[in-house]
Amino acid sequence: MFTNAKVFHAQNLLDHSALQDALEKFPFTAITASDTKSQGWVPPRGEEGGALVESVQGQWLLRFKTETRHVPGELLKQRVDEMAAKVEIDTGRKPGKRERKDIKEQAHAILLPQIFPKSSLTWVWIDPVKARLVIDSTSSSKTDAIITALIKTCENLIIQDFETNLSTQAVMGEWLSDEGNLTDGFSVGKACELKSADESQSAVRYTNHSLHIDEIRQHLAQGKLPTLLALEWDDRVGFVLNTSMELKKIKFADSVMEAAKAQRQRADDFEGNFLMTFSELNPLIDNLFTALGGINTQNSTNS
């Protein structure tokens, strides 16, 4: 279900019923002919008129929809050139800078309704016990839109980044330098990116390659720092960690998928998939925080 995970600390969460009422203030509505973007909450199960907050064993699941319409630059330029040429034919003069700006606005208004909108759906998982909000995206624009939507409709809600006592980048460097430093079920995968901290920003990337080699240790000794590192947790979940403590390219092991398949036979597909997701990712996130020196409570709650 989740392929990415950006984790936040959520204070003053509403209860399940109150959250449902709050989200109903910001439902998704289809984009209009003159709009470039529309956003809002949709039922996680995909059923029209369904609940906006699904609860599975005390864990809550939400879904945020974004619909956008964008006129390609080349298409807009072509239409502007055509309209400007017509003005020149009709009047015998070339449009000036201000008139060409007006033509561009007219062309955009004409073309926009003709563009087929693109839509995206983003999972949002809330663990009310751990006061944890997990968004299935590492796009800052998507996470910002979701957080803004929640804060606007949920009175007194505070959402902040978790801060750990150890730097994610420093710990990734230690893991690459010495495999023995890995704890809490983690092991290094087969991909990483190292980047120079100086002005050159030179980078070296390894893909599908053993990372416990002298060459990587030499790069680290020369001052390159890890920005991405593939990891595996407990032989159950693989993912790529970055310096912002975001989990990308989450992939569950075959054994986990088989267990989820059996779970879905006892529950519906929606609940089975969600049970698998939070059952695996909750302890993984706990262990990741521990490996990073624990949560800096003061900075995570008072920043």
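Q: On what basis are the values computed?
A: The model is predicted, so local features need pLDDT of at least 70 and side-chain atom pairs count only at pLDDT 80 or more, while totals for chains, interfaces and linings use all residues. Residues are numbered from 1 along each chain as its sequence is written, and side-chain values use heavy atoms, with hydrogens and water left out.

Q: What is the order of the strands in the open sheet, and which strands stand at the edges?
A: Strands of a sheet pair through backbone hydrogen bonds, either parallel or antiparallel. Strands (E, at least two residues) and helices (H or I, at least four) are DSSP runs, numbered from the N terminus, and two strands pair if DSSP finds at least two bridges between them. Here five strands form an open sheet in the order β9-β8-β10-β11-β12, with antiparallel pairing. β9 (203-207) and β12 (247-252) are at the edges; each has a single partner strand, so one side of each is left without a neighbour in the sheet. On average, neighbouring strands of this sheet are turned by 15° against each other, direction ignored.

Q: How many bridges join β11 and β12?
A: Strand β11 (residues 237-242) pairs with β12 in the antiparallel sense over four bridges. V237 has F252 of β12 as its bridge partner, and G238 has K251 of β12. The hairpin of these two strands has four residues between them, and M245 takes a positive phi near 60° there.

Q: Which residues lie nearest the centre of the largest pocket?
A: On a 1 Å grid over the protein atoms alone, a pocket is an open set of points with protein on both sides within 12 Å along at least five of seven lines, a cavity is a set where a 1.4 Å probe fits but cannot get out, and lining residues have an atom within 4 Å of a point. Grid points are joined across faces, edges and corners, and a volume is the space filled by probe spheres set on the points. The largest pocket holds about 280 Å³; of its 16 lining residues, L231, E232, G238, F239 and K251 lie nearest its centre. The largest share of this lining, four residues, comes from β11.

Q: What is the volume of the largest cavity?
A: Three cavities of 30 Å³ or more are found in the whole structure, and the largest has a volume of about 60 Å³. Its lining includes A10, L133 and I159.

Q: Where is G223, and which residues does G223 touch?
A: G223 lies in the loop between α6 (214-221) and β10 (224-233). Residues up to four places away in sequence not counted, G223 touches K195 and A197.

Notes. Contact means heavy atoms within 4.5 Å. Axes are lines fitted to C-alpha atoms, for helices over the stretch in contact, and angles run from 0 to 180 degrees between N-to-C directions.
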